[in-house]
Amino acid sequence: MAEIQKSLRYRINISTSVKGVKTWDCTVDFEQSTSYMPEDDVDKSMQETLRLSDRLVAQLELRYPASEVITK
């Protein structure tokens with residue numbers, strides 16, 4: 001039986017403009033060996049990646065709301 005290899009990486013870039021507006025972009029990379037994986041499992045893996053991405057976006061929206069402006 002082949003060993004399944006998985007890795008998960010979150011990448012987040014947070015920027016603040018000169019006016020103090022925070023912006024962010026993010027990605028979720030979920031890699032899994034698919035050499036001997038049935039098609040249904042590949043679909044489940046993609047769904048898991050989307051679920052993780054949605055969770056990350058929700059947390060970033062809570063932490064950095066679009067209307068947040070920092071005044072100095």
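Guide: Some terms come before the details. Buried means under 20% relative accessible area, exposed means over 50%, and partly exposed lies in between (1.4 Å probe, protein chains only). A salt bridge is a side-chain nitrogen of Lys or Arg within 4 Å of a carboxyl oxygen of Asp or Glu. The model is predicted, so local features need pLDDT of at least 70 and side-chain atom pairs count only at pLDDT 80 or more, while totals for chains, interfaces and linings use all residues. Residues are numbered from 1 along each chain as its sequence is written, and side-chain values use heavy atoms, with hydrogens and water left out.

A search of the whole structure finds three salt bridges. In one of them, Asp 29 meets Arg 9, at 3.0 Å from N to O. Asp 29 belongs to strand β2 (residues 22-32) and Arg 9 to strand β1 (residues 6-16), so the pair ties together parts 20 residues apart in sequence. Helices (H or I, at least four residues) and strands (E, at least two) are DSSP runs, numbered from the N terminus.

Asp 29 is buried, at 17% relative accessible area, whereas Arg 9 is partly exposed at 44%. Asp 29 also forms a salt bridge with Arg 11, with the closest N and O atoms 3.1 Å apart. This pair again links strand β2 to strand β1, across 18 residues. Arg 11 is partly exposed, at 42%.

Another salt bridge joins Arg 51 and Glu 48, at 2.6 Å from N to O. Both lie in helix α1 (residues 39-63), three residues apart, so about one helical turn separates them. Arg 51 is partly exposed at 38%, and Glu 48 is partly exposed at 27%. Through shared partners, salt bridges join Arg 9, Arg 11 and Asp 29 into one network.
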